[in-house]
Amino acid sequence: QEQQQVFYQYQDLKLQDNVELTGRVTDVALDRTRARVGIEEIIGGIPYTRIWFYWRYDDGWRHVPPDYTFWGDVSTEEQPNVIVRYRDVDHQLAKALSERVSNWLTVSCAALACPLTPVVSIEVIPDDSLQVGWLSPENWQLQIPSPYVNRARSDQPFDTDLQFAVSSLLAERLVAFVNNVQPIYPSDAYYLRQSVVSWLVGRFVQVNTNTFLMNSLADSFGDAAVGRLLTTMQPDSSITVLGQVTGQSLEQLKIGRAS
């Protein structure tokens with residue numbers, strides 16, 4: 001039944017997009033009577049890796065359902081302020097993840113003037129039911145499902161969707177870490193705080209998140225101005241808080257408006 005579902009999934013995929021099932025093997029791991037194989041698939045011109053599992057029976061090797069106990073040995077990838085724990089299948093993801101998150105922490109803490117740079121611990125888990133999320137509100141331990149439980153981009157296992165998920169959680173946690181203000185809705189502080197979070201995500205992923213006010217503030221007064229705004233904000237702050245941050249009145253300021 002599971003194989004039949006997979007067949008239908010591929011059938012639907014081939015109807016929707018340009019799919020090349022090249023059959024090229026990118027990786028093989030053997031453990032006596034079981035095997036794990038990386039298979040190339042090209043979808044819409046983008047190379048992906050799909051992980052297939054096999055068991056050896058009396059009459060030969062047979063394709064079987066996913067065996068997450070055979071995901072490889074546990075290893076760690078470390079960069080400044082980041083520790084990634086993963087298994088062999090996720091080596092490329094762990095490397096990209098550790099480098100990128102370490103850079104995000106450096107960029108954000110420089111702008112927000114973090115009291116200290118937190119150490120983020122990340123665990124990559126082969127679990128197709130897992131959602132990206134913090135292990136608890138009290139620590140900096142993040143859990144991420146391995147993209148290889150479905151298919152992962154061969155050229156970019158830490159793809160844009162996963163970057164958005166991780167960066168959004170990290171930006172929200174960093175803003176609360178610097179100033180855990182709870183803005184009163186619908187005060188200006190409510191929108192300003194959300195704008196800071198979106199601004200950080202845009203910086204992390206290098207995309208336009210339409211945070212015109214924060215972009216303009218950073219361009220005119222430096223990234224640190226965004227951090228000063230965050231630490232100055234009170235739950236009921238109005239837009240006039242920008243004057244406290246910049247030393248200029250709203251009439252003098254030539255910065256974009258919040259969207």
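**Reading a predicted model together**

Trainee: Good to know! What should I keep in mind about the model?

Mentor: It is a predicted model, where local features need pLDDT of at least 70, side-chain atom pairs count only at pLDDT 80 or more, and totals for chains, interfaces and linings use all residues. Residues are numbered from 1 along each chain as its sequence is written, and side-chain values use heavy atoms, leaving out hydrogens and water.

Trainee: Is tryptophan 61 buried, partly exposed or exposed?

Mentor: Find tryptophan 61 in strand S5 (residues 60-64). Buried means under 20% relative accessible area and exposed over 50%, with partly exposed in between (1.4 Å probe, protein chains only). Tryptophan 61 has 39% relative accessibility, so it counts as partly exposed.

Trainee: Which side chain of opposite charge is nearest to glutamate 77, and how far away?

Mentor: Glutamate 77 lies in strand S6 (residues 74-79). Lys and Arg count as positive, Asp and Glu as negative, while His and the chain ends are not counted. A salt bridge needs a side-chain nitrogen of Lys or Arg within 4 Å of a carboxyl oxygen of Asp or Glu. Glutamate 77 is buried and has no salt bridge; the nearest is lysine 95, 5.7 Å away.

Key: Helix = DSSP H or I, 4+ residues; strand = E, 2+ residues; numbered from the N terminus.
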